[in-house]
Structure formats: structure tokens, C-alpha cells
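Please keep the viewer open as you read.

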Amino acid sequence: MNDIRLYAIGEVARRTGLSVSAIRFYSDEGIVVPADVTAAGHRLYDVHAIARLEFVSTLRELDAGLDDIRRLLEGRVTLSDLATAHLSRLDDQARRIRSRKAVLRTIARQHTEAEQVILMHKLVGMSDDERDRLFDDFWNEISEGLEVSPEFLGLMRNGRLVLPDEPATEQLEAWIELANLLQDADFRREVKEALRETFSSPAAAMMTSAEMVGVFERGGAILVRAQEAQRSGAPADSPLGREIAGLYAAHMGEITEIPDSPEYRAKLAVDVLGIEQMYLESFEEAATSTDPYTRYQSLVAIIDETAKEATEFMPFAWLSAALKAAASPCKP
């Protein structure tokens, strides 16, 4: 294209793909002014104006506003600043779209009354503080009179429930269902009765004591170490595997009051595989359970992504092999 030549607006439209009316609009708005105007009032554009029009057209296709484009062309903001600000707006729009899709999917799956639509729309727009208050009210009610230690109650509640800044549709749908349940008086009553029945026996009182919570946490930490060792590629019969097997045997010996021995480690190797089977069965039962508290736990696990973490938490076979190796004499 000749740097000196001037082009009529029709030729500029052909070269840029813009309509004549769009080119005139950008001229009238002072975004891209013509290089010259003929005596008859026809606008003429040079190659620099054509390049500017193509740039403006690209920014418009990226949904940049005219005021932002004008500020950019006048040098009041940089292209990076414009992109960062626009990306932030697009992120906000994407979050709103995900929220709307979650509400619409929920409506499509069930017979939803107009009042419920309004409620669901409010639920997906809740702030973290509003969610905290909803959970506080729920737990204060269902735990009233429950004879468990504060430590065990904290374990059950599992800290704050935070909806991610960019939740997946599945998480939003789970949150809509959960938030509705948390505000349902019948659901609260059912959960409270189920927990009271579960933890009313002397044996349950012992299992929910602060001491037992500490035992559970120490055992969980050993299983996490086994998972990390497995993921790192450490063989089960390596020194690390034997160390972890020793920690597990000592931990279980403290609970069962059975002294450590090769025979005890061999037994634990079998028992660990039984734990794995129960662990897998618990997922299947949770998927079909009608128990209100189980449903609560399932929804929370979806929202905070512990459901995905739980399905990937499988250190049992590795630990079983490590216990078998630790039950045998070390190879020279």
C-alpha cells in the first residue's frame, strides 16, 4: 500500500472489512479522522488511518468500549492497562454467566416456583460473610445438645466453606442445593435427630473425645505421608517405605495396645487393604444414601473439592506393601 496515496472511503471499507457507516462513525467520534476531505466533502484516508481503523476494529471485536479506545489512542492508558482492565470485566461477566447457567440448569431439572427462582438467584450471589452466617446458624442449631467434644465438632464442620472465585458449574449447582437445604427447617431437624441418634451411645462418646480426634489426625497424617511417598515414586520396600510402615505400626499399636512385631505388621498389611475396601464402599453408599447428613457432606465435598481429593487419595495398597516389606528382614 502506498504511504502517500489517499484512499476514498469505499476503498477503505473494502480493505478493512468495515462498513462505510462504521468508518464515518469513527470519524465523527474523533477516533480515526480522515487524512483529508475533498471540496465535495468526501473523506480520504492514508495508510496510517487505515491501520488505525483495523486496530480499532480489532479492539471493538474484543468488546473494548469507545471511551477506553479513545484514551488508549490519546496515550492516556497503555495497551497492557486496557487489556488488564477489560480482562477483569470479562472475568466478572464469566462468573455471572456461570451463576446464571447453574440457576437455569437447576430450574430445568425440577418444577420450580417463581419464588424459588428469586431465592436461587440470591443464593449464587451471596458474599463469603453471608455464607458464614448461614453456616453458623445451621451448625449452632444442629449441634445444640450434641454430646461430642468441641474438637470433634470442629472436625465435622471442617472449617469455613468458601465458594471459589471461579467455581465450576457443578460447584454452583451443589451450592444452590446446599444453601436451600441449610435454610430448610425440616432438613435441619432431620440432621439434628440423625446426629443425636448416632452420637448418643457411650461408645460414640468415647470415639468423639478430644483424645480420639488427636488419634484420627495422627493416623491421617501418616496416610498422607504414604500418599506423598507413593506419588514421588518411592518404592514401598525402600527405607522411606519402611520408615512410614514403622510409624503406622506404632500408631496402630498405641490404639490396639498390641506390641510391634513382624507378625503384627503382616496383619496390618492385610487390614489396610480392608480399610481401602471400606473407603471405596463409602463413596458408593454416599452416592445413593438418603441420609440427610450424608447428603450434606456430599454437597460440601463437591463445593470445596474434597470429593475429588478423596477419590484420588489411595495410599492403602502402597502402605500394605510397605508393611509387608517392613515385616520381613532387610535385604543385605
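Phe135 and Tyr296 are both buried, meaning under 20% relative accessible area with a 1.4 Å probe and protein chains only (exposed is over 50%, partly exposed in between). This is a predicted model, in which local features need pLDDT of at least 70, side-chain atom pairs count only at pLDDT 80 or more, and totals for chains, interfaces and linings use all residues. Residues are numbered from 1 along each chain as its sequence is written, and side-chain values use heavy atoms, leaving out hydrogens and water.

## Tyr296 and its partners

Trp139 and Tyr296 form an edge-to-face aromatic pair, 5.9 Å centre to centre with 70 degrees between the planes. Rings of Phe, Tyr and Trp (its six-membered ring) pair if their centres lie within 6.5 Å; planes under 30 degrees apart are stacked, over 60 edge-to-face, and the rest tilted.

Trp139 belongs to helix 7 and Tyr296 to helix 15, so their pair ties together parts 157 residues apart in sequence. Helices (H or I, at least four residues) and strands (E, at least two) are DSSP runs, numbered from the N terminus. Trp139 is buried too.

Which residues form one aromatic cluster? They are Phe135, Phe138, Trp139, Trp175, Phe187, Tyr293 and Tyr296. Across the whole structure, a search finds 10 aromatic pairs.

## The chain overall

The protein chain has 17 helices and three strands. Of its 332 residues, 36% are buried.
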